Amino acid sequence: MSDLTVPEELLTFFENSPVALALGDPAGDNELIMVNARFTELTGYRQVDLAGINCRVLQGNAGDHEGRARLRAFLQDDAAVSVRTPILNFRKDGEPFVNLLYMSRLRTLSGRARYIFASQFDVSRAQPDRLRAYDAQLSNTLTRLSPIAAESGIIVEGTLTTIANSATAIAQAKLTLANLDNSSIL
Ligand SMILES: Cc1cc2nc3c(=O)[nH]c(=O)nc-3n(C[C@H](O)[C@H](O)[C@H](O)COP(=O)(O)O)c2cc1C
């Protein structure tokens with residue numbers, strides 16, 4: 001596990017969050033520092049499974065080049081504020097899902113990236129109402145995180161761009177899973 005310690009008040013906030021959250025190291029291979037209970041519920045991976053590991057393990061051998069390239073571009077560009085992309089992932093038990101992944105940076109007062117902040121959502125099994133509810137919860141999480149992080153001298157960067165057409169995003173994700181099923185039959 002990365003030795004970047006997370007302030008206690010942030011850990012408590014993360015654990016009580018209604019959405020899946022992860023924190024990663026902005027340096028090196030972006031190792032995971034912590035994942036919360038909702039992340040474990042979603043992916044089947046516990047904190048101990050991902051100790052010091054890059055979250056790309058969730059991608060298996062899927063080869064989702066487009067989503068992965070978007071994530072990499074964000075991580076490589078310190079000036080990029082946030083990224084939001086669907087990416088094909090697999091739960092620990094091997095079940096595929098399309099992860100609508102959001103990432104931004106938490107910075108120190110001097111502007112140095114301290115953590116990569118991430119939130120995950122299974123868009124392939126959602127309904128439009130559920131996706132809109134998640135968007136509202138994540139947006140609310142970012143807003144409420146700001147004053148708590150500020151107590152530890154950490155600035156929350158990035159606001160959420162909500163999904164304009166949730167029905168289309170869900171339909172695309174379901175199609176991704178359907179294509180995956182077909183290709184595994186061949
Ligand atoms: C905190 C954090 C959480 C991440 N969560 C996920 C995730 O849930 N699913 C995923 O496919 N990638 C996730 N990533 C992105 C991958 O770890 C990796 O950065 C991405 O695949 C691009 O880099 P690569 O091309 O070197 O694999 C996360 C990254 C960070 C830093």
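Analyst: Start with the words "helix" and "strand": helices (H or I, at least four residues) and strands (E, at least two) are DSSP runs, numbered from the N terminus. Residues are numbered from 1 along each chain, as its sequence is written. The model is predicted, so local features need pLDDT of at least 70 and side-chain atom pairs count only at pLDDT 80 or more, while totals for chains, interfaces and linings use all residues.

Now the helix contact. Helix α1 covers residues 8-15, and helix α4 covers residues 128-150. Their axes come within 9 Å and cross at roughly 160 degrees. (Axes are lines fitted to C-alpha atoms, for helices over the stretch in contact; angles run from 0 to 180 degrees between N-to-C directions.) Because of that angle, α1 is roughly antiparallel to α4. (Under 35 degrees counts as roughly parallel, over 145 as roughly antiparallel, 65 to 115 as roughly perpendicular, and the rest as oblique.) The crossing of α1 past α4 is right-handed.

(Contact means C-beta atoms, placed from the backbone, within 7 Å.) By class, the α1 and α4 contact has 5 nonpolar residues, no polar ones and 1 charged. (Ala, Val, Leu, Ile, Met, Phe, Trp, Tyr, Cys and Pro are nonpolar; Asp, Glu, Lys and Arg are charged; the others, Gly among them, are polar.)

Stay on α4 for a moment. Y134 is part of this helix. Y134 is buried, because 23 other C-beta atoms lie within 10 Å. (Buried takes 20 or more other C-beta atoms within 10 Å, exposed 12 or fewer, and partly exposed lies in between; C-beta atoms are placed from the backbone.) Leaving out residues up to four places away in sequence, Y134 touches V19 and F121. Its C-alpha atom is 14 Å from that of T159, 25 residues apart along the chain.

P7 sits in the segment before α1. P7 is partly exposed, with 14 other C-beta atoms within 10 Å.

Next, a strand. S82 belongs to β3. S82 counts as partly exposed because it has 16 C-beta neighbours inside 10 Å. Neighbours within four places in sequence aside, S82 contacts Y102, M103, S104 and G158. R105 is 23 residues away along the chain, yet its C-alpha atom is 7.4 Å from that of S82.

One loop is worth a glance. N30 lies between β1 and β2 (32-35). N30 has a positive phi of about 50 degrees, although it is not a glycine. With 19 C-beta neighbours inside 10 Å, N30 is partly exposed.

Last, the ligand. Around it are 21 residues, and the closest are G24, C55, R56, I116 and A118. (A residue is near if its C-beta atom, placed from the backbone, lies within 6 Å.) Elements giving two or more residues include β1 (20-24) and β3 (82-90). The largest share, 4 residues, comes from α3. The shell holds 11 nonpolar, 7 polar and 3 charged residues.

How values were computed: Left-handed = near helix turned anticlockwise from the far one by under 90°. Contact = placed C-beta atoms within 7 Å.
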